[in-house]
Amino acid sequence: MTVRKIALAAMLAAVLASQAGLAGAEPPQQGDMVKFVPSAEDRPAPDIPFISAAGQPIKLDSYRGKTVLVNFWATWCPPCVKELPSLERLNAEIGGPDFEVVLISIDRGGARIYEPFLEKLGIVNLRSAADSKADLLRAFKAPGLPTTYLIGPDGSIRGRLVGDAEWDSAAAKDLIKYYASSS
């Protein structure tokens, strides 16, 4: 074998090894995203209805085809309130036909409680839905508030983050892009 053929074979082996390494790469978890716990298995998002921002019953399967960041929150939850502006900025920056932030309030008073609250906070471009009886929250088995789930375009749960986070950070966007591209 010539030196040239050996070099070519070594280069091809290196390219294949790097591609194999990328395929099995771990999700990027830096900053607040170290709290993100990837799902151990493909588990579909619960099929429990909640009330959309327009006041209609809706299920998460209506978001099939896009990556969705589902954030459970309440007006009385200080960490929830802290992260709301970053969720709005995230949705403004990368929201569209392939990605959406879905806020779901568990306030018992529903929209009459959370809508004026969001407006007072200056959250005007991101609307919330309601899960007043926390049925969907319980179906997700969320341990507390805030809890945010990343749902893939196929409707399966990719992972969750318990507690507040800076969702418009580069680390959060990298994590979302990783899961959106691996679907």
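The legends below describe close-up views of a predicted model.

View 1. Of its 183 residues, 42% are buried, and the chain exposes about 9800 Å², of which carbon and sulfur atoms supply 57%. Among contacts between residues at least 6 apart in sequence, 72% join residues that are at least 24 apart.

**View 2. Helix α2 and its kink.** A kink of about 35 degrees is found at Leu84, shortly before the proline Pro85. The buried residues of α2 include Leu84, Leu87 and Leu90, together with Cys80 and Val81, and the buried residues of this helix pack against β4 (67-73), β5 (99-105), α3 (111-121), β7 (147-151) and α5 (170-181).

**View 3. Strand β4, enclosed by the rest of the structure.** Seven of the seven residues of β4 are buried, so this strand is largely enclosed by the rest of the structure. In a regular strand the side chains alternate between the two faces of the sheet. Thr67, Leu69, Asn71 and Trp73 point one way from β4, whereas Val68, Val70 and Phe72 point the other way. Strand β4 runs parallel to β5, to which it is joined by seven bridges, and Phe72 stands opposite Ile104 of β5.

**View 4. Leu69 and the largest nonpolar core.** In soluble globular proteins, nonpolar side chains tend to be buried together. The largest nonpolar core of this model has 47 residues, and those touching the most other members are Leu69, Phe72, Phe140 and Trp167. Beyond its neighbours within four places in sequence, Leu69 is in contact with residues that include Leu87 and Leu90, Phe99 and Val101, Tyr149 and Leu150, and also Trp167 and Ile176.

**View 5. Strand β8 between its partners β1 and β7.** Strand β8 spans residues 156-162, and five of its seven residues are buried, so it too is largely enclosed by the rest of the structure. Five bridges join it, in antiparallel fashion, to strand β1 (residues 36-44), and five bridges join β7 to β8, which also run antiparallel. Gly159 of β8 is the bridge partner of Pro38, and Leu150 stands opposite Gly159 as well. Between β7 and β8 lie the four residues of a hairpin, in whose turn Gly155 has a positive phi of about 90 degrees.

Definitions and conventions:
Residues are numbered from 1 along each chain as its sequence is written. This is a predicted model: local features need pLDDT of at least 70, side-chain atom pairs count only at pLDDT 80 or more; totals for chains, interfaces and linings use all residues. Side-chain values use heavy atoms; hydrogens and water are left out. Buried means under 20% relative accessible area, exposed over 50%, partly exposed in between (1.4 Å probe, protein chains only). Contact means heavy atoms within 4.5 Å. Accessible areas come from the Shrake-Rupley method with a 1.4 Å probe; for residues, only the protein chains shown count as cover. The bend at a residue is the angle between axes fitted to the seven residues ending there and the seven starting there. Helices (H or I, at least four residues) and strands (E, at least two) are DSSP runs, numbered from the N terminus. A nonpolar core is a set of buried Ala, Val, Leu, Ile, Met, Phe, Trp, Tyr and Cys residues joined through side-chain atoms within 4.5 Å. Two strands pair if DSSP finds at least two bridges between them.
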